[in-house]
Amino acid sequence: MERFAKYKRRNGYLYIGLVLAALALLMIAVSVHEFLHNEPFILRVTGFGAGILWGVAAFVCLRAYYRINLSELSSLGRKTNPDDKLL
């Protein structure tokens with residue numbers, strides 16, 4: 001059970017980071033739409049600022065996921081068979 005909790009916690013950073021990245025992209029898209037339709041300046045600035053902050057939060061979560069799973073991710077590139085090194 002403890003192993004499952006660690007696995008769930010480690011992957012939580014990935015899921016939260018992806019959701020935050022999607023929200024950042026949505027916020028930036030809405031801000032561009034507001035910019036093209038000449039909405040008030042404060043709405044444009046607030047939208048771009050919020051999109052950037054959501055993007056930073058997504059980056060922090062995805063970086064945490066990468067750092068926690070660095071050993072597993074780096075082992076994917078290694079060859080496990082000693083005979084493969086000759087190729």
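Tutor: Leucine 26 is exposed, with a relative accessible area of 53%. Here exposed means over 50% relative accessible area, buried means under 20%, and partly exposed lies in between, with a 1.4 Å probe and protein chains only. This is a predicted model, where local features need a pLDDT of at least 70 and side-chain atom pairs count only at 80 or more, while totals for chains, interfaces and linings use all residues. Residues are numbered from 1 along each chain as its sequence is written, and side-chain values use heavy atoms, leaving out hydrogens and water.

Leucine 26 sits in helix H1. Helices (H or I, at least four residues) and strands (E, at least two) are DSSP runs, numbered from the N terminus. Leu26 also belongs to a nonpolar surface patch of about 420 Å², together with Val19, Leu23, Val30 and Trp54. H1 gives that patch its largest share, 4 residues. Patches are built from residues with over 30% relative accessible area and no salt bridge, joining like charges within 9 Å and nonpolar side chains (Val, Leu, Ile, Met, Phe, Trp, Tyr) within 5 Å. Areas come from the Shrake-Rupley method with a 1.4 Å probe, and for residues only the protein chains shown count as cover.

Now follow H1, which covers residues 2-36, to glutamate 34. Glutamate 34 is buried and has no salt bridge, a term for a side-chain nitrogen of Lys or Arg within 4 Å of a carboxyl oxygen of Asp or Glu. Arginine 44 is its nearest side chain of opposite charge, 6.7 Å away; Lys and Arg count as positive, Asp and Glu as negative, and His and the chain ends are not counted. Setting aside neighbours within four places in sequence, glutamate 34 is in contact (heavy atoms within 4.5 Å) with Glu39, Leu43 and Arg44.

Next comes the loop between H1 and H2, which holds asparagine 38. Asparagine 38 is not a glycine, yet it has a positive phi of about 55°. This residue is exposed, with a relative accessible area of 64%.

Stepping back, the protein has 3 helices and 0 strands, and 16% of its 87 residues are buried. Its average pLDDT, the predictor's confidence in each residue from 0 to 100, is 81. Where pLDDT is low, predicted coordinates should not be read in detail.
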